[in-house]
Amino acid sequence: NITDFKNSSASNKKVNSVYLDKEKAYLSTEFGVVVLDLERLEIKNSYNTGLNTLCTLIFKDKIYTGTTEGLFRCDTTKNMLDFNNWEKLNYYRTDALCEFNGELYFMINYLGVYTLDTEINRFQRIVEKNGAEYYTIYNSGNEILALANDKMTIINKDKNYSTYKTENSRYILKKGDWFWNCKGYDGLYMCRIENNILKEVSSPLVPNSPVRNFCEFMKFTSENKLLIAGGNLNYYDITFHEG
């Protein structure tokens with residue numbers, strides 16, 4: 001509960017993603033980057049670039065931000081509050097960033113997955129979009145996973161990749177040869193690859209809890225139980241919330 005962020009004068013406080021670096025959390029927001037000190041629970045810095053920032057990464061003493069206006073970076077030894085010190089690297093919407101095998105990877109949703117040679121600013125496309133609406137990439141330890149609703153692409157350290165069919169995936173985690181596929185309200189499935197398809201091999205894990213955390217009334221009983229009413233019987237006086 002960071003009240004400084006909640007009470008700030010920013011008109012839009014939507015957080016697009018969070019990047020953790022030791023004791024700091026970098027919040028990618030619609031106006032720039034907010035840096036939180038996780039030990040002191042306070043805002044350490046705020047880089048108001050005026051750009052809708054989708055992702056952030058610290059790589060080789062530089063901060064990289066993927067925005068709707070392109071990929072930007074700034075040397076962390078310079079004054080990052082001064083937007084003149086930020087360098088624009090491309091003009092394409094950059095949706096995700098990660099580090100793998102000593103290289104910087106990033107994703108342009110409508111073009112594919114790229115690497116950036118940060119010494120000479122050379123881009124190399126590793127995976128073409130090929131009809132897949134990729135929404136994120138991340139380092140799973142030994143590979144990079146690029147995820148779409150109906151496809152999963154695994155990239156190894158030699159930049160070779162394989163693509164597998166999935167269905168309605170929200171997020172996928174890999175552990176050894178096994179995968180955990182999150183399908184939102186449908187639950188979490190344990191999976192493995194068979195015939196180039198991510199096949200479910202378990203029943204869904206679904207928490208025994210309400211789908212949303214909206215409620216109308218709460219009360220503690222004398223037995224130290226918390227009773228929560230999750231609805232309203234007065235159909236003419238209901239507050240609707242977006243799902």
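A salt bridge here is a side-chain nitrogen of Lys or Arg within 4 Å of a carboxyl oxygen of Asp or Glu. The model on screen is predicted. Keep both points in mind as you go.

**Stop 1: a pair that meets the rule**

Select Glu194 and Arg192. Their side chains meet in a salt bridge, with N to O at 2.8 Å. Glu194 is partly exposed, with a relative accessible area of 25%. Arg192 is partly exposed too, at 35%. Arg192, Glu194 and Lys199 are linked in a network of salt bridges.

How many salt bridges does the count come to? By this rule it is 9.

**Stop 2: another charged pair**

Jump to Glu133 and Lys129. These side chains also form a salt bridge, at 3.0 Å from N to O. Color Glu133 by accessibility. Its relative accessible area is 44%, which makes Glu133 partly exposed.

**Stop 3**

Select Glu87 and Arg73. The side chains of these two residues meet in a salt bridge of 3.0 Å, N to O. The pair links distant parts of the chain: Glu87 sits in strand E8 and Arg73 in strand E7, 14 residues apart.

Is Arg73 buried or exposed? Arg73 counts as buried, at 7% relative accessibility. Glu87 has 33% and counts as partly exposed.

Look at the backbone as well. Arg73 stands opposite Glu87 in E8.

**Stop 4**

Show the cartoon and widen the view. Strands of a sheet pair through backbone hydrogen bonds, either parallel or antiparallel. The sheet to find now is open and has 4 strands, in the order E5-E6-E7-E8, with antiparallel pairing. Its edge strands are E5 (53–59) and E8, and each of them pairs on one side only.

Highlight strand E7, residues 70–75. Strand E7 is mostly covered, with 5 of its 6 residues buried. Next, turn to strand E6, residues 62–67. E6 and E7 run antiparallel and are joined by 6 bridges. Between E6 and E7 lie 2 residues, and the two strands form a hairpin. Pick Tyr64. The bridge partner of Tyr64 in E7 is Arg73.

Then move to strand E8, residues 87–88. E7 and E8 pair in the antiparallel sense over 2 bridges.

**Stop 5: an enclosed strand**

Select strand E3, residues 33–37. Why is E3 largely enclosed by the rest of the structure? It is enclosed because 5 of the 5 residues of E3 are buried. Show the side chains. Val33, Val35 and Asp37 point one way from E3, and Val34 and Leu36 point the other way. All of these residues are buried.

E2 and E3 pair in the antiparallel sense over 5 bridges. Ala25 stands opposite Leu36 in E3. The hairpin of E2 and E3 has 3 residues between the strands, and in this hairpin Gly32 takes a positive phi near 150°.

Val34 has Ser46 as its bridge partner in E4. In the hairpin of E3 and E4, 4 residues lie between the strands, and Leu41 takes a positive phi near 55°.

**Stop 6: Asp21**

Select Asp21. This residue is in strand E1, residues 15–21. Asp21 counts as partly exposed, at 24% relative accessibility. Which residues does Asp21 touch, not counting those up to four places away in sequence? They are Tyr26 and Ile58.

Draw a distance from Asp21 to Val33, C-alpha to C-alpha. The two atoms are separated by 14 Å, and the residues are 12 apart along the chain.

**Stop 7: two cysteines**

Finish with Cys182 and Cys191. The count comes to 0 disulfides. Cys182 is in no disulfide, and the nearest cysteine sulfur, that of Cys191, is 11 Å away.

Color both by accessibility. Cys191 is buried, with a relative accessible area of 0%, whereas Cys182 counts as partly exposed at 29%.

Note on methods: Residues are numbered from 1 along each chain as its sequence is written. This is a predicted model: local features need pLDDT of at least 70, side-chain atom pairs count only at pLDDT 80 or more; totals for chains, interfaces and linings use all residues. Side-chain values use heavy atoms; hydrogens and water are left out. A disulfide is a pair of cysteine sulfur atoms within 2.5 Å. Buried means under 20% relative accessible area, exposed over 50%, partly exposed in between (1.4 Å probe, protein chains only). Contact means heavy atoms within 4.5 Å. Two strands pair if DSSP finds at least two bridges between them.
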